[in-house]
Amino acid sequence: MPDRTARPLLGALLLLATAGCTTVAPSADRAPAGRELDAAGLRAAALAGADLGPGYTVTVMDPGHDTAAEGRESADVPACQPVLDALAPGKAASGPAAETDLSVVRDGHRDAALYTGLLAFPAGRAERLQTELDRLLAHCTAFTSGLAAGPAGDPAQPGGRTRHRLARVDTPTPEGADAATAFTLTDESGTVVLAQRALLARVGTALAVFSTVGAGREPAAEPDPAVVRAQLAKLRSAQRG
């Protein structure tokens with residue numbers, strides 16, 4: 001997937017984790033918060049092909065925010081800056097303690113990959129991020145962003161501007177999650193509008209980000225419910241120790 005699109009996909013959900021969207025409140029009988037996960041524990045909690053059975057291919061990806069050559073992206077609306085910080089968690093004060101990124105592809109649907117980001121936080125941080133999500137969404141339904149330097153007018157290069165639109169998608173809380181947020185994010189700076197659909201599910205001390213992409217008239221698909229359920233169950237199990 002092009003670098004320009006992959007980074008917002010994972011960040012998109014975290015984007016809303018600090019920007020605000022629809023959050024489904026956790027139920028009163030939800031599971032305990034669970035233990036904090038380190039990098040090794042989070043990696044062990046990530047799906048493997050065997051967890052999904054025949055017909056799925058799971059590939060571990062390098063977290064996109066580790067690209068050292070890139071600078072910090074800034075928003076034209078100050079209230080939306082946490083959104084952009086979430087797109088590059090490693091550069092933000094709210095960044096996770098650990099991150100594991102995956103690509104899940106179903107046979108016969110090679111052009112419809114589901115990108116999954118697992119993000120581990122200190123106790124209480126994931127829940128606070130999801131609370132901030134609601135508070136900030138109203139200010140971030142439309143905004144632009146760009147890097148500090150580069151040829152102006154090229155949204156794919158530093159110095160260019162990227163136009164974003166956010167829209168809430170009502171969603172039930174998936175089985176295994178404490179709370180969930182769903183939304184679409186568009187990038188309207190190029191000749192073809194890129195649409196991203198994201199689901200952020202909170203499981204104890206961690207967030208799971210599920211993202212798909214569409215371009216032009218091809219809408220971004222709903223994240224595969226079977227993959228979502230399997231990943232949330234494995235993440236919950238890891239936190240129970």
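**Figure 1. Gln-231 in helix α6.** In this predicted model, Gln-231 belongs to helix α6, which covers residues 225-240. Its relative accessibility is 0%, so Gln-231 counts as buried. Several residues beyond four places in sequence touch Gln-231. They are Ala-45, Ala-46, Leu-47, Leu-102, Thr-116, Leu-118 and Phe-210.

**Figure 2. Ala-45 in helix α2.** Helix α2 spans residues 39-45 and includes Ala-45. Is Ala-45 buried or exposed? Ala-45 is buried, because its relative accessibility is 0%. Setting aside residues up to four places away in sequence, Ala-45 touches Leu-118, Gln-231, Lys-234, Leu-235 and Ala-238. Ala-45 and Ser-237 are 192 residues apart in sequence. In space, their C-alpha atoms are 7.9 Å apart.

Figure 3. Nine strands form an open sheet with antiparallel pairing. The order is β1-β3-β4-β9-β8-β7-β6-β5-β2. Which strands lie at the edges? They are β1 (56-61) and β2 (74-75), and each pairs on one side only. Helix α6 packs on this sheet. Its contacts there are with β1, β3 (98-106), β4, β8 and β9. The direction of α6 makes about 160 degrees with that of β9.

**Figure 4. Strand β9 and its two partners.** Strand β9 runs over residues 206-215. Eight of its ten residues are buried, so the rest of the structure largely encloses β9. On one side, β4 (residues 114-120) is joined to β9 by six bridges, and the two run antiparallel. Here Thr-116 has Phe-210 of β9 as its bridge partner. Both Thr-116 and Phe-210 also touch Gln-231. The other pairing is with β8 (residues 194-203), antiparallel over ten bridges. In that pairing, Gln-196 stands opposite Val-213 of β9.

**Figure 5. The hairpin of β8 and β9.** How many residues lie between the strands of this hairpin? There are two residues between β8 and β9. Gly-204 takes a positive phi near 60 degrees in this hairpin.

**Figure 6. Ala-179 in strand β7.** Strand β7 covers residues 179-187, and Ala-179 is part of it. With a relative accessible area of 0%, Ala-179 is buried. Val-203 is 24 residues away from Ala-179 along the chain. The C-alpha atoms of Ala-179 and Val-203 are separated by 7.6 Å.

**Figure 7. Strands β5 and β6.** Strand β5 (residues 142-146) pairs with strand β6 (residues 162-168). The pairing is antiparallel and has four bridges. Thr-144 finds its bridge partner in Arg-163 of β6.

**Figure 8. The largest nonpolar core.** In soluble globular proteins, nonpolar side chains tend to be buried together. The largest nonpolar core in this chain has 28 residues. Which of them touch the most other members? They are Leu-42, Phe-210, Val-227, Leu-232 and Leu-235. Two or more core residues come from each of α2, β3, β4, β7, β8, β9 and α6. Helix α6 gives the largest share, five residues. Beyond four places in sequence, Leu-42 is in contact with Leu-37, Ala-98, Glu-99, Thr-100, Leu-118, Leu-119, Ala-120 and Leu-235. Another core, of eight residues, lies apart from the largest one. Among its members are Cys-80, Cys-140, Phe-183 and Leu-185.

**Figure 9. Confidence along the chain.** The mean pLDDT of the chain is 76, and 70% of the residues score at least 70. Where pLDDT is low, the predicted coordinates should not be read in detail.

**Figure 10. The whole chain.** The chain has 241 residues, of which 47% count as buried. Six helices and nine strands make up its list of elements. Among contacts in the chain with a separation of 6 or more, 69% join residues 24 or more positions apart. The chain exposes about 10900 Å². Carbon and sulfur atoms supply 53% of that area.

Notes
Residues numbered from 1 in each chain as written. Predicted model: local features only at pLDDT ≥ 70, side-chain atom pairs only at ≥ 80, totals over all residues. Heavy atoms only, no water. Buried < 20%, exposed > 50% of the residue type's maximum accessible area, 1.4 Å probe, protein only. Contact = heavy atoms within 4.5 Å. Areas by Shrake-Rupley, 256 points an atom, 1.4 Å probe, with all protein chains shown as cover. Pairing = 2+ DSSP bridges. Axes fitted to C-alpha atoms, helices over the stretch in contact; angles between N-to-C directions. pLDDT = per-residue confidence, 0-100. Core = buried A, V, L, I, M, F, W, Y, C linked by side-chain atoms within 4.5 Å.
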